Amino acid sequence: MRVTLLGTGSADGWPNPWCDCASCAWAREHEVRGQTAVLVDDTLLIDCGPDVPRTAARLGVRLSGLRHLLISHAHPDHLGPESLMWRSWSSAAGRPLDIVGPPAALAVCREFLTRWEGADPARDGSALRFVPATAGGGSPQDDPLRLGVGDAVYLVRPLAARHGDASIGPAVLYDVTAPDGGRLLYGCDTAAPLPATTLAAVTDRAYDVVLLEENNGDRPGFGEHLDLDSFAELVAELRRRGAVVDGTRVLAVHLSHRNPPGDELARRLALLGAQAPGDGAVLDLTPRAPLPHLQTPAPTAHLAGAAATPPPHRVLITGGARSGKSAEAERRLLAEPAVVYVATSAPPDPADADAEWSARIAAHRARRPAAWTTVETLDLVPLLRSPGPPLLVDGVGLWVAALLDDPTELARRAGELVEAWRHTARRVVAVTDEVGSGVVPSTADGRRFRDALGRLNAELAAASDEVWQVVAGTPVRLRPRTKPSPRAVRTT
Ligand SMILES: [Zn+2]
Ligand SMILES: [Zn+2]
Ligand SMILES: [Zn+2]
């Protein structure tokens, strides 16, 4: 299966040509993205907004071999029916073309062509064949659409999206199996969570490539779209279900200026094991054998822990109060199938919890995915010494504060903690507080806290694979100085 990205941008493209925001300025300088569309084997095209044929021409990609056009929904960035008229003026005019899409999308094409070409293109003898795509019940036994003939049959399953309205009807996503067995999931456009039938249908599909929209970046709330966090949580869900496995290429598409500038976006996606190649990128995917368990799903095969154990990796994130350090730590693990969140912040006695404290804890909890386990403890060493899913420790400062009353005990336990951190077999991200850059604390306790935490931070940092400081919501890499690739060390 050969996959060509003919577009990776949002409806308005990135940059939006009318916009002077910082994100558009970066894109204008570095990388222009048009409306999202993907070409498979030069034979099958998914989505065809008005930008797409011109982008193909500029990239030197010919569309004359196209036999199957799949439309996800009738929003105008996914369907420019005029392209079919331009095709009718070309040498490809008489060649057969399947047009697959939800009924509203097919109606848009037929009405446009009838208006401008004077005859309904669905009439007998037309080279165009209109095939309604309606999402099935999600069972792997559902008959896929069979497009093509002989050795060149594509199996296409339309899946329900969380996207669409009364005028365009429900949008669909596409699960495509190429003639060589290559498997692709096209998840664009959709909000999260995906409908249960779709999650059932993608279970154990072990895709070669998953294209997921990520329109909204760090500014959620626009339309029925994914943002960086919901994208990450969806990737985690796909991992839990064996839809995304070792070797699956996870690509973010439908990118807009609601995203951070491209270099920061690339960093954020890499943390999730995803990428955002630009328009014109080509993925040549090695043919793979058809899945033997398509008929008999084996849902436990890909569950967390069943896969090869990833190597340990220690990340320490420091920062001032409200700098965004906790959010940065959480982000790094959002696409993991399972995470143990270790809160060192529990008040020693629940009776001490005041309303403000409880509200903060509740807000923290609400932000974390439902699949995360929360442990409230100061006993970090046993967790670091035992195998299991990644740990997020938040945070080291509160751990020191809780043990401050007994300096001898604190020193002993801090030594143990550093040793356990150094030798842990797990992936672990720990949040700590940056201390000591302001005035000298006025109390003896304050000075002892500053000194103890400052020393512990330095020792943990020395034993870490990565150290970051978050300043005004912006992560700054302290160690290593060269670009790390946290996901690259992960073998699962
Ligand atoms: Zn769209
Ligand atoms: Zn902009
Ligand atoms: Zn849409």
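How far apart do the C-alpha centres of domain 1 and domain 2 lie, and which elements on the side of domain 1 give two or more residues where it touches domain 2?

Reply: The C-alpha centres of domain 1 and domain 2 lie 41 Å apart. Bear in mind that this is a predicted model, in which local features need a pLDDT of at least 70 and side-chain atom pairs count only at 80 or more, while totals for chains, interfaces and linings use all residues. As for the labels, residues are numbered from 1 along each chain as its sequence is written, while chains are lettered from A and ligands numbered from 1 in the order in which they are written.

Domain 1 covers 2-292 and domain 2 covers 313-479; such bounds come from an automatic or database domain assignment. Where they meet, 11 residues of domain 1 are in contact with eight residues of domain 2 (contact: C-beta atoms, placed from the backbone, within 7 Å). On the domain 1 side, the elements that give two or more residues are α6 and α7 (helices are DSSP runs of H or I with at least four residues, strands are runs of E with at least two, and both are numbered from the N terminus). Helix α6 has the largest share, seven residues. By class, that side has five nonpolar, one polar and five charged residues. Here Ala, Val, Leu, Ile, Met, Phe, Trp, Tyr, Cys and Pro count as nonpolar, Asp, Glu, Lys and Arg as charged, and the others, Gly among them, as polar.

Buried means 20 or more other C-beta atoms within 10 Å of the residue's own, exposed means 12 or fewer, and partly exposed is in between, with C-beta atoms placed from the backbone. In soluble globular proteins, nonpolar side chains tend to be buried together. Take Val-38: leaving out residues up to four places away in sequence, Val-38 touches Val-3, Leu-5, Leu-6, Ile-46, Tyr-186 and Leu-211.

Now for α7 (262-271). The loop that runs to α7 from β12 (249-253) holds His-254, whose phi is near 55 degrees, a positive value in a residue other than glycine. His-254 is buried, with 28 other C-beta atoms within 10 Å. Glu-31 sits in the loop between α1 (22-30) and β2 (37-40). With 17 C-beta neighbours inside 10 Å, Glu-31 counts as partly exposed, and beyond four places in sequence it is in contact with Gly-262 and Gly-278.

Most residues other than glycine have a negative phi, and most peptide bonds are trans. Even so, the bond joining Cys-188 and Asp-189 is cis, with omega about 5 degrees, and the one from Ala-192 to Pro-193 is cis with omega near -5 degrees. Over in the loop between β20 (466-471) and β21 (474-479), Ala-472 has a positive phi near 50 degrees. Ala-472 counts as exposed, with 10 C-beta neighbours inside 10 Å.

How far can you trust it? Mean pLDDT (the predictor's confidence in each residue, from 0 to 100) is 90 for the chain, and 90% of the residues reach 70 or more. Over residues 292-306, though, pLDDT is below 50, and likewise over residues 488-492. Where pLDDT is low, the predicted coordinates should not be read in detail.

Zooming out, the chain has 13 helices and 21 strands. Its C-alpha trace spans about 90 × 50 × 40 Å along the principal axes, and buried residues make up 42% of the 492.

Terms used
Contact = placed C-beta atoms within 7 Å.
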